[in-house]
Amino acid sequence: MQQLPTVDYQAPDAAKLFVESLRSTGFGVLKNHPIPQELVESIYKNWQEFFNSEEKHAFLFNKETQDGYFPPDVSEVAKGFTIKDIKEYFHVYPKGRVPAQLDAEIREYYRLANEFAAQLLSWVQAEAPEDVRAKFSIDLKDMIKDSEQTLLRVLHYPPMTGDEEPGAIRAAAHGDINLLTVLPAANEPGLQVQRQDGSWLDVPCDFGNLIINIGDMLQEASGGYFPSTIHRVINPTGKASDKSRISLPLFLHPRPDVVLSERYTADSYLQERLRELGVK
């Protein structure tokens with residue numbers, strides 16, 4: 001199966017190649033970027049211990065604030081599907097709860113990833129045609145400035161047991177709601193992106209890569225120029241099915257009052273989608 005191309009962040013034409021990849025596939029993959037790999041590795045290790053522990057149940061999610069621990073029995077059902085994904089996860093927001101022993105590290109990652117994401121949004125804006133740039137109500141990077149809506153989700157896909165519900169996979173085909181999603185390559189493969197002809201491309205999972213994809217809000221704000229792409233996480237087979245998979249997507253959300261288009265503010269768009277997903 002074909003793979004997406006990888007762009008070297010330090011190359012002189014990195015912005016151009018990255019945005020070309022986003023535009024043609026909805027995804028961009030970067031190597032040699034400034035997010036420290038040792039920080040990501042440590043987060044994966046420490047959160048794996050948390051998900052293996054009973055402590056997680058003390059942080060059960062708050063339906064109003066949407067922070068905390070979401071167990072497998074309340075896992076998401078992707079739009080258009082009826083079977084829950086095989087996963088559990090923890091939502092980290094700027095003012096949300098985090099276990100004390102994990103707090104400093106995950107907050108540092110949140111800060112670094114947000115700073116880097118602002119640069120990527122600047123690349124997207126700079127490389128967009130003039131008529132598309134004119135659609136943005138404010139600079140893309142300023143849409144996320146001081147936003148308390150940007151969500152860091154620590155995802156745990158447990159090992160396969162053989163007792164999974166028929167048809168259930170780790171993450172059914174879906175699009176993201178936000179502007180961009182920034183994701184360090186997970187510790188196991190499985191992420192795939194759908195092409196326009198309906199076939200699937202493997203996303204490179206080389207440890208140290210950073211994977212970025214377009215969400216629905218950027219598609220809305222750009223009048224469809226930047227397409228939000230359907231993606232999924234397939235179940236492992238063979239020996240890999242015995243392994244957990246930790247994933248760390250940062251979902252970049254504008255401040256609620258940011259105007260996305262004539263039809264939506266960031267808040268009205270988000271609330272509509274959360275109702276569709278059944279979490280509001």
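I take the expected span of a helix as 1.5 Å times one less than its number of residues. Helices (H or I, at least four residues) and strands (E, at least two) are DSSP runs, numbered from the N terminus.

I note that this is a predicted model, where local features need pLDDT of at least 70, side-chain atom pairs count only at pLDDT 80 or more, and totals for chains, interfaces and linings use all residues. Residues are numbered from 1 along each chain as its sequence is written, and side-chain values use heavy atoms, leaving out hydrogens and water.

**Helix 2.** I checked the length of helix 2 (residues 37-51): its 15 residues should span 21 Å at 1.5 Å a residue, and its end C-alpha atoms are 21 Å apart, which agrees. I then listed its buried residues, including Leu 39, Ile 43, Trp 47 and Phe 51; buried means under 20% relative accessible area (1.4 Å probe, protein chains only).

**Core.** I looked up the largest nonpolar core and found 63 residues, with Leu 30, Trp 47 and Leu 180 having the most contacts inside it. Such a core is a set of buried Ala, Val, Leu, Ile, Met, Phe, Trp, Tyr and Cys residues joined through side-chain atoms within 4.5 Å. Its largest share, 12 residues, comes from helix 3 (residues 100-127).

**Rings.** I paired rings of Phe, Tyr and Trp (its six-membered ring) if their centres lie within 6.5 Å, with planes under 30 degrees apart stacked, over 60 edge-to-face and the rest tilted. That rule gave me 15 aromatic pairs. Tyr 9 and Phe 116 are edge-to-face, at 5.4 Å centre to centre and 70° between the planes.

Methods:
Buried means under 20% relative accessible area, exposed over 50%, partly exposed in between (1.4 Å probe, protein chains only).
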